[in-house]
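I wanted to go through this model with a few simple look-ups. These are my notes, in the order I made them.

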Amino acid sequence: MRASLHYGEHVLPYEVRIQPGRVIRKVAIHVEPDGRVLVDAPESASEQDIHQAVGARVRWIFGHVAAAKERLRHVLPREYVSGESLHYLGRRYRLKVSLVPNAPTAVRLRGGHIEVVVPQDDVGLVQAGLQGWYRQRSRVVFQERVTAMAHSLAWLKGVPPIRLLNMRSQWGSCSPAGLLTLNPHLVKASRECLDYVVLHELCHLKEHNHSPRFYALLDKHMPGWQRVKLRLDSLADVLLRE
Ligand SMILES: [Zn+2]
């Protein structure tokens, strides 16, 4: 459920998630990294209760929303210099740029760092090296996950072919003929998020639209997928920008 609250001349939109399975007695308010306001509420809470709980903390919320937006503003644009944060399979790493004259551009994962070796001080080389590395890793990881999942889904006769495509606002899609298109940026998300996207697309090979039968299939193979989707949605801005 979406709602909003007026505060002075500002409008604060928020999204309410009713949590029937969880034992929470109070309304809990979260500000996501992208500045979205999520409100978890027990089933017993009325709309008015929720509105009041949000109203009581409106100054706190505005402070955090402003801070999140400020942080995001600073994320843009990436400079490809040592110390910047990068994501891979749901973990955060620090970028380390190493200058080695005459060496070929290379990328490796070492401890908490993703190290990019470049022969000269050139941001373009670092950027290209990282993009190539993510693409190569995504090919390996996606193939592994799609293969593993395809074997457990009865309606698939084999492992569907995968195509990589950089997209601005979509993680994946699939064609009626069974070609799976996945966004290489997805390899930055956790395995759980990655599996959710793959499963969503593989379910479309049985149910070609978002019908109740489609969601029943998704529920059966990944109970609680909604929570995973919310987490992925909240990270989308950051992961797609890197
Ligand atoms: Zn879909």
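**Ground rules.** I am working from a predicted model, where local features need pLDDT of at least 70, side-chain atom pairs count only at pLDDT 80 or more, and totals for chains, interfaces and linings use all residues. Residues are numbered from 1 along each chain as its sequence is written, and side-chain values use heavy atoms, with hydrogens and water left out.

**Zinc site.** Which protein donors does the zinc ion have? I found His 200 (NE2), His 204 (NE2) and His 210 (NE2), lying 2.0 Å from the ion. Donors here are N, O and S atoms within 2.8 Å of the metal (3.2 Å for Na, K and Ca); water is not among the atoms, so sites may look incomplete. I noted the sequence spacing of the donor residues as H-x3-H-x5-H. His 200 and His 204 both sit in helix H4, four residues apart, about one turn of the helix. An α-helix has 3.6 residues a turn, so residues three or four places apart point the same way. Helices (H or I, at least four residues) and strands (E, at least two) are DSSP runs, numbered from the N terminus.

I then checked burial. Buried means under 20% relative accessible area, exposed over 50%, and partly exposed in between (1.4 Å probe, protein chains only). His 200 is buried at 12%, and His 204 is buried at 9%.

**Aromatic rings.** I paired rings of Phe, Tyr and Trp (its six-membered ring) if their centres lie within 6.5 Å; planes under 30 degrees apart count as stacked, over 60 as edge-to-face and the rest as tilted. That rule gives six aromatic pairs. One of them is Tyr 196 with Trp 225, stacked at 5.9 Å centre to centre with 5° between the planes. This pair links distant parts of the chain, with Tyr 196 in helix H4 (residues 191-204) and Trp 225 in helix H6 (residues 225-241), 29 residues apart. Tyr 196 is buried at 5% relative accessible area, and Trp 225 is buried at 9%.

Trp 225 also stacks with Tyr 215, at 5.6 Å centre to centre and 15° between the planes. Tyr 215 lies in helix H5 (residues 212-221) and Trp 225 in helix H6, so the pair ties together parts 10 residues apart in sequence. Tyr 215 is partly exposed, at 29%.

Elsewhere, I logged one aromatic cluster of Tyr 88, Tyr 93, Trp 133 and Tyr 134. Lys 188 lies over the face of Tyr 134, at 4.8 Å from the ring centre. The test is NZ of Lys or CZ of Arg within 6 Å of the ring centre and within 35 degrees of the ring normal. Arg 57 sits over the face of Trp 60 at 4.5 Å.

**Helix H6.** Where does H6 bend? The bend is about 50°, at Leu 235. I took it as the angle between axes fitted to the seven residues ending there and the seven starting there. Buried residues in H6 include Trp 225, Leu 230 and Leu 239.

Arg 17 is in strand E2 (residues 10-18). Arg 17 is buried, at 19%. Its contacts (heavy atoms within 4.5 Å) include His 30, Asp 40 and Leu 230, not counting residues up to four places away in sequence.

Arg 78 lies in the loop between helix H2 (58-75) and strand E5 (85-88). Arg 78 is also buried, at 18%. Its C-alpha is separated by 8.1 Å from that of Arg 241, 163 residues apart along the chain.
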